[in-house]
Amino acid sequence: MNAPLPSAGNSGYQQPQVWMEAAAFGHARVNQAARDQIINETMTVLPEAALRPVTEVTAPPGLVNLPRHTRTFVGRGEELATLEVALRSGGEVVVAAVHGLGGVGKSTLAAHYALSQATRPSTAGRECESGGGLNPVWWITADSGPAVQAGLAGLAAALQPELAAVLSLEALAERATAWLATHQGWLLVLDNVVDPTDVRPLLQRTLIGQVLVTSRLGEGWHRLDAQVLRLDVLGEQEAIELLTRIAAPDLSLEVVQVGLKRAVPAALDGMAELVRELGWLPLAIEQAGAYLHQTRLTPRAYLDLLRDQPTMMYDRTARGADGERTIARIWRLTLDQLAATPLTGHLLRVLAWYGAEPIPRRLLDALTSDMAQVWHALGELAAYSMITFDGQAVTVHRLVQAVARTPDADDPHRRCADIDTARDQATDLLDDALPESWEDPMSWPTWRALIPHIEALTSPATPDADTATSARLLNGAGLFLGNQGAIIRGIAFLERACTVYERALGVDHPDTLTSRNNLACAYESVGDLGRAIPLHEATLADRERVLGTDHPDTFNSQNNLAGAYESGGDLGRAISLYEATLADRERVLGTDHPDTLTSRNNLAYAYRAAGDLGRAIPLHEAALADRERVLGPDHPDTLNSRSSLAAAYQTAGDLGQAIPLYEATLADQERVLGPDHPDTLTSRSSLAYAYKAAGYLSQAVPLYEATLTDQKRVLGLDHPDTLNSCNNLAAAYQAAGDLGRAIPLHEATLTDRERVLGLDHPDTLISRNNLAVTYQAAGDLGRAIPLHEATLTDRERVLGLDHPDTLSSRNNLAAAYQAAGDLGRAIPLHEATLADYRRVIGTDHPDTLNSRNNLAAAYQAAGDLGRAIPLYEATLTDCERVLGADHPLTTVVRAGLAKLV
């Protein structure tokens, strides 16, 4: 080292002096090359060990440098095995890069693997200078180039401690690199690599050993020939075990094993819910566990704090923990690194408002006009493991989302205004992506993909954040879910939509009134007429006041209220309101308006339900003719009218007209709508029902079976139409005498309807009734009668005393008593049921005539022919007059009478 010395003064010329330092190795000396200089010698004499080639330097036994990451290590057996395979392929240097989201446990996995390799016994054929496991096993925090150099220098100093004080950092790092290139049986861990270029100079050297890299970055490792392993979150059981070890180490893990039927200790109440809320992320679980251990809170209490004060809890650690290693801070560092890439922070905040399920990439099409920026930002976020992106969908860890949407004034990536902007844009993007119709099967895949994100976007928002757009999302989701059979879940969406509309637009806004109408229809669909009818009535009154009595929406409310009356069995009010609505629509909209045609069809259906086939069939025929003329023969509404007319013919016992019309309608629907359209599948089921009614069981059963298979595939196992087909197929098996298949299918259908629709849904009650009837057919009156009694009680409570289904249950229970020989209970119940039928639905209704026949049979069974014969005779006369001489019921009554006379 040369440097000028300070001058001694200004008196004349002074010979220049130079300060020189030199280092000598062993016994060498430093000599002066000329005598014109004054040399002040500072001599460093290196030990002879420094002159030895690195090939002759042997690592001390058990040279291990690892952080204490392994004390709370759980699971990861598959990942450890993958690392083992990747790093033991032999030959030159083998590099494995473990990447993943910050906090997922990359360093912990690496440390556990490294420790296991340092302590394992020697493997035959392996060259390991220490005679045991890998040696050395050396850990380097590699988050920068200087950090890598310092870590290598530390390795050189550990190999030859005498060099630590005499060689520069650069020389020590170079010596360690040379040693790694000439020895085998070592493991080098490069932890938390931020930029692959920081480790590239080392890895591009010809090394002979194993290198394990951890990084949040998942891209670029192919340039270093590294095998890449993406580390995911823990499984739920592993997450619970980790939480327990930290929060309550004194409790036996056997007590909290998932699946063991033991009581969970009070100290760990809510642990499964907490690890799910934390997304099974190891760092978050460690953070929570340490806090629980310190504060003695339960997991459930911590969960409440997390929901009430997320900003504080995401960044809070227990005493003694590394304050910089919280989930909030480690992700902030990643976003700091991405700050130079436009759109990454905003894009992550937008994605944070959606669900943890895959987010369709097309949802982001309207984010900005520059889609290249969006693609680049997605790529950068994916490279740093903040998202997973496969080109079609984006997935974000739920805890990343939770933190990203939680404001923090100290975090530049989580400013309140930015988060609000992102939420508004996330809402608009979802609204733009909604299909126009929730009834079109072509739109169903899109709806199914968007529903989780609508739910996530709307559920955590404060009421002040709700907008009319939010309400529109909720309303659409509710209607779609109801259509798909998830009625209870759909109602929750519709209730919230109604609340949001009222707050955002006011109680009298047309959209608010529409929302209330939709909610009332949903209540009706689950049989909750106690809420449906009053809400329909109130909505109709409000529409008349706000929109006027002649507004189309007002007519729609009238029609829907009539339908609710019909569902409640109040056919008198239903028919009267249907008639008034049809008259109003004809007057205001015209006789050929589609809504007017719908009113005609609905009124015809109500006449049929009331047993007034004299008016029902001509009106069905007229409605079909009008729809063919106005809408065309292939319009879906026209095809539905054909199906309705066929059903009316079937109700009248005219299967000669019903079956050909069903067959023709089905062929047209398959041609126009396709074989998998819900209307087509319904028509196939209706045709099978007609075949069964005609006694064509060899045609009915296979058609039911094929229809059910297709409905399961197209609609899903839990769709109401699918469950209806299960019920119908079970009935067909029963009609064919195959009770071995009928009873299990009825039982399974009842279980599914109770689970999907609820215990009190009308369809659930139908399944209970049908199962009781099937038990009765099998002669198992011990199960049939109690089930009939329970079903009658439930129908009286849910549907009311006068509902047609309630009356049907009374009739069936009376028949079961009669089959059991208990005529003392059967006859009075038959008599009371007949009186109710006459009062509620009239003397000429087919159900009333059937009740009269059943009472006559009960009199006959009791030997009371004086009452049986006249009742049979009067019933036969009325059946021939109302239903026709060839109706199945007329035939049954005639046969009963023939046995007596």
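## Serine 643

S643 is buried, with a relative accessible area of 14%; buried means under 20% relative accessible area, exposed over 50%, and partly exposed in between, computed with a 1.4 Å probe on protein chains only. The residue lies in helix α26, which covers residues 636-651. Helices (H or I, at least four residues) and strands (E, at least two) are DSSP runs numbered from the N terminus. Residues up to four places away in sequence aside, S643 touches Y662, T665 and S683, where contact means heavy atoms within 4.5 Å.

## Basis of the model

This is a predicted model, in which local features need pLDDT of at least 70 and side-chain atom pairs count only at pLDDT 80 or more, whereas totals for chains, interfaces and linings use all residues. Residues are numbered from 1 along each chain as its sequence is written, and side-chain values use heavy atoms, with hydrogens and water left out.

## The six-stranded sheet

Six strands form an open sheet with parallel pairing, in the order β3-β5-β6-β7-β4-β8; two strands pair if DSSP finds at least two bridges between them. Its edge strands are β3 (64-65) and β8 (227-230), each of which pairs on one side only. Strand β4 (residues 94-99) is joined to β8 by four bridges, and the two run parallel. Within this pairing, V98 stands opposite L229 in β8. Helix α2 (residues 106-119) packs on the sheet and touches β3, β4, β5, β6 and β7. The direction of α2 makes about 160 degrees with that of β7; axes are lines fitted to C-alpha atoms, for helices over the stretch in contact, and angles run from 0 to 180 degrees between N-to-C directions.

Strand β6 (residues 187-191) is mostly covered, as five of its five residues are buried. L187, V189 and D191 point one way from β6, while L188 and L190 point the other way. Strand β5 (residues 137-141) pairs with β6 in the parallel sense over five bridges, and T141 has D191 in β6 as its bridge partner. Four bridges join β6 to strand β7 (residues 210-215), again in parallel, with V213 in β7 as the bridge partner of L190.

## The three-stranded sheet

A further open sheet has three strands in the order β9-β11-β10, with antiparallel pairing. The edge strands here are β9 (359-360) and β10 (388-389), each pairing on one side only. Two bridges link β9 to strand β11 (residues 393-395) in the antiparallel sense, and P360 stands opposite A393 in β11.

## The α24/α25 helix pair

Two packed helices are described by the angle between their axes and the distance between the axes. Helix α24 (residues 594-609) packs against helix α25 (residues 613-630) at an angle of about 160 degrees, with the axes 8 Å apart. That makes α24 roughly antiparallel to α25; angles under 35 degrees count as roughly parallel, over 145 as roughly antiparallel, 65 to 115 as roughly perpendicular and the rest as oblique. The crossing of α24 past α25 is left-handed, a term used if the near helix is turned anticlockwise from the far one by less than a right angle, with clockwise giving right-handed. The contacting residues include L597, L603 and Y607 in α24, and L613, L619 and V630 in α25.

## Cysteines

With a disulfide defined as a pair of cysteine sulfur atoms within 2.5 Å, the count comes to zero disulfides. C521 is partly exposed, with a relative accessible area of 28%, whereas C879 counts as buried at 0% relative accessibility.
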